[in-house]
Every structure is written in C-alpha cells, then in structure tokens.
Number of protein chains: 2
Amino acid sequence: MEIIIAKNAGLCYGVRRALTIAKKTRRLKKGKVSTLGDLIHNPQVISDLRKGGISSVENPDELEEGTVIIRSHGVSPDVYKNISQKNLEIIDATCPIVKKIQKLVEKLAKEKMEIIIVGNKEHPEIKGLIGYSRGQGLIIENEIQAGRLPFKKKRAVLAQSTQDLFLFEKVVSCLIEKTEELRVYNTICHSTQTRQRATSELASQVQALFIVGGKASSNTNKLYQISKRILPNTHFIESAEQITPRMLRGAKKIGISGGASTPPEAIEEAVQKIKKTFEHQPQRESSVQCQR
Amino acid sequence: MEIIIAKNAGLCYGVRRALTIAKKTRRLKKGKVSTLGDLIHNPQVISDLRKGGISSVENPDELEEGTVIIRSHGVSPDVYKNISQKNLEIIDATCPIVKKIQKLVEKLAKEKMEIIIVGNKEHPEIKGLIGYSRGQGLIIENEIQAGRLPFKKKRAVLAQSTQDLFLFEKVVSCLIEKTEELRVYNTICHSTQTRQRATSELASQVQALFIVGGKASSNTNKLYQISKRILPNTHFIESAEQITPRMLRGAKKIGISGGASTPPEAIEEAVQKIKKTFEHQPQRESSVQCQR
C-alpha cells in the first residue's frame, strides 16, 4: 500500500503568514486580541487559537477595545473604515496576493470598467473585493450565471485567489461570446493552481483520495470537486476519524490532499489512520510519498 | 424527408460586397481588371469571373497595368505599398470587419503588446494581419502551439474573422494559465459565429449533413470540423454531384450548410440533388426549410 500526498497540500503561504502574525501579536500585545472572522476555515486551529487567547469576532460592531487582526482574506474599505474609527489597534494580515487583487479591482473601478469577479458570494475574500469595485463589480459563481449577462463592448474578469481554474476558464469562454474586448486577469494564486493541478493528477493515479479540511473552506471544497470529477472514490473529511476501512477497500495507492487552510497535523493524522487501518489487513507493507 | 438549410449558410456580407465591387469595377473600367489572389475560395465563381473579364493574379509582381482589386481578406501594408508604387488603380474591397481587425492589430502593436493571432498561417487574411503587427504578432493555429508559449505578464489575443469559436476559446483557456493580464478580442465576425452555432445545432438534429463549399476555404473546413464532431455522417462536398444515395441512407432529416464563400446556387444544387435521389425511393414526400 502506498500513500501519496499531493504537492502543495495544506496551509498556504498567506494563511501560514496570518497565523504567525496572530501568534506574534498575542505575545506582544496586552489586553484583548481578536480576529475579525475566523482566521482560518479549520475548527481545530480555531479552537487552539481560542485556548491561546485569540478570540474570533464575526461582527465588527462587537469589537470595542484591544487589538484586531484582519485575516488573510482581507476586508472591504467600508469595514476597514468602520474599525479604524474605533479605539482599536489594527493588525492587517491580509494575504499579499489578495491585497494585489484588491488594488486591481480598485484600479479597474477607476477606469470605469465592469468587473466580473468569479467567486463564491458568501466568501470573505469576495465580500472584501466587491467593496473595492465602487458598484461596478458583479459576482459570478458559475458559467450559467455568466451566460445570462448581456453583450458588452468592454469588461474585465478576475477570480477569487483560490478559485477552481477550470471553472474560471469556463466562465471566460462564456464571456468571450458576450464581450468585444475582455480583459482577463488570472488572479488565482500560483500555490492554488499547483495544488489543484497536483490533486487532479493524483486523482487519476490512485484508487482512493482523501481531501482533508474544514467543510467551510471554499478552496478545500473546490479540491474535492476537482478530484471527484476524475475519481468517484474521493472523500471529503474534516478529521482522520472519518476514514473507514470500507473507503480503503481494494485501494493499493491512496492519495491525500488538503486546502490552503488545512494544517499539516490534520494531513499527518490522516496518514496515520490509513496506515493503522491497513495494519489489520493481510498485506502490511506501506510507504508514504510527498510530491515535490 | 426533410431538408434543413442552416442559418447564414453561404456567402457572407464581406464576400458578397467584394463580388459586387468587382463586377461594378469591370463595368466601369477599361483595360485589364485583376484581383490580387482569388476573390473567393470557390472554383465555380472564379471560373465565372474569369469568363466575365476579371482575372486573378497570385503574385503582385505580375501586375503591371489596369485596375487591381484587393479581395475581402485584405493585404499587409507591405503588399499595399508594393502595388501602390506601380502604375495601377487600386480598388480596395477588404471586408470592413477585417479592416477593423487590421486597425486593432496596428493599435496593439503601437502599445508594444505581444499579439497572438489565432488563425491559419497560410490564410490570406492572416498574412495581411500579421503585417500590421510590426513583428510583435505570433500566429497560433491550435491549443497545442499555445501550450508551448512562455509565461508573460501581459499579452493580447484575437482571431481570424472566420475562426472556429470553440478553438479560439480553447486557445484562450490555455493562455489564461500563461498570462497575468490577457486582453481577449473576439474578432470572429457575427455572421461566422451565427453560421457555426446554427451548423452545430443542425448537426444534432439531422441524420446526414452536407457542408457545401471549396476545399480551399478555411471557414468552410471549420464548419465541417464543427459538424463532424457531433455527427459522423457529415460530408464535405465541392459540388452536388458528389452526393451519393449511400450518404443519405436511413436519413429522414438532412442538413445543409456552407461557408462564407459558398454561392447560393451551390446550396440550391445540393437541395435538388438530394430531392432527386429521394424520388427513387419509396417515401417520396419532401420539404425544404431554411433557418432564419
């Protein structure tokens, strides 16, 4: 039995950076330290942070004192203005890649462009981005919605940094038929593109694949969809405990991948659980391989 | 038996316009009247034009006197300069849509953009367009060639006016993964898009489909590929004589389409040939329908 871990599975640079900033802030600051929204879409990590003295606040109105950390997804200018008028110290942990997309949306809005943002309208990154569009942004979640748009001489299209590249390409194809000049900005971060490609390739090599991560994580959900398209025996698990012998039946090669918010421990636990399950089976040899 | 003729099958506006200009020129001008290259990719029409006193010259060096007509595909600035230095009267019948694409390439070249032109490198329109790119143009014929391009921060992509929309979208999808800011200009003419869509829809409704037109016509070839993808029983015919009873066997609904250079007579002849073939069969009722 062989376990292969997909390239770039687990915590991305932006999320790792936000976690480091949060922990450093907790060490340096007295008083209350809160994050505006969960720092990461992973229940285990959130629980650990809470135990370490970093709470999570959903509504900016609940923030009154101490230090507030803006998570990697960023916030809209309105939210930023709102919290900056309070008696709070702001630590901005917005992912530099997301920051770059925010600036792009701001620039396109100044150029009076219609801006199509391909992403999930409930995702915090998208809620932040749309705020920079000065009313000229339009969130599109799939090619069906894109198909309903009217013809336009000029428009721009960009994506949530963790968008599914395949879906983005489908939306662009749809827009080509409805736009004379379409400016396409591939804002899907490099790490996401590599992770998606690696997961997709892995899905065609193994007999079972586990996507490890929080159900609330948009990019982990996308990995699941990508893998499921190729390998029906793909399972989305929040923790290693959910792995059953039945899921592994007949599989000689098993893949593991995880989203940008999946901590390395969660992936390691999945590896251990798979190994343990196999120990009770006749063929006991196993190896673990990480793609580079 | 029912014969359905695809919407926009046959002569497009640009080719009809060029034919009218050529005939008018012949009426008004004394001396030699030539077209630079075949006016239209259709052997029958070319033969008729020759009989009517309009010859076709492949090489500009062969032109010495009289009137020269630039065909709907247009020419490069170099060729234009070459013929304008001779003792010739020039009548420019370049399709206004192609003219617009030439101006776009010229504008993008001034902006120092890399310009990807999706088209057939031997096609006269493409040979003309590339001349406007000041060495910054690159002709791409398919997604495999696009896949070999290096990563670039910024580039533009446009298409031959009669390009297959599906192929253009595939090339764009490929370029998205290799470009940070991609400017997509959908320069496929409206009439071509409608013709391709109608042919593709027709292919899924009928049991046999005939693409009528000259084998040298690039856009007619594309119609054939589009239909063949959906309906294996698609036949590319240059004239009605090529229709055999075997091709029609078992077909209750028969489709006909033709490219931008297919004259209406060629389509009408195909209709008559199909009707005649069916007259020798037990079920003799037939109807002809033109999509609008």
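Visitor: What makes H8(A) and H9(A) roughly parallel to each other?
Guide: In this predicted model, helix H8 (residues 190-203) of chain A packs against helix H9 (residues 218-230) of chain A at about 30°, their axes 8 Å apart. Angles under 35 degrees count as roughly parallel, over 145 as roughly antiparallel, 65 to 115 as roughly perpendicular and the rest as oblique, so this pair is roughly parallel. The model's local features need pLDDT of at least 70, side-chain atom pairs count only at pLDDT 80 or more, and totals for chains, interfaces and linings use all residues. Residues are numbered from 1 along each chain as written, and chains are lettered from A and ligands numbered from 1 in the order written.

Visitor: Which residues of H8(A) and H9(A) meet?
Guide: From H8(A), A:Thr192, A:Arg195, A:Gln196, A:Thr199, A:Ser200 and A:Ala203 meet A:Asn219, A:Leu223, A:Ile226, A:Ser227 and A:Ile230 in H9(A). Contact here takes C-beta atoms, placed from the backbone, within 7 Å.

Visitor: Why is H7(A) called oblique to H7(B)?
Guide: Helix H7 (residues 165-176) of chain A and helix H7 (residues 165-176) of chain B cross at roughly 135°, with axes coming within 10 Å. That angle makes H7(A) oblique to H7(B).

Visitor: Which residues make that contact?
Guide: A:Glu169, A:Val172, A:Ser173 and A:Ile176 of H7(A), with B:Glu169, B:Val172, B:Ser173 and B:Ile176 of H7(B).

Note on methods
Axes are lines fitted to C-alpha atoms, for helices over the stretch in contact, and angles run from 0 to 180 degrees between N-to-C directions. Helices (H or I, at least four residues) and strands (E, at least two) are DSSP runs, numbered from the N terminus. Two residues are in contact if their C-beta atoms, placed from the backbone, lie within 7 Å.
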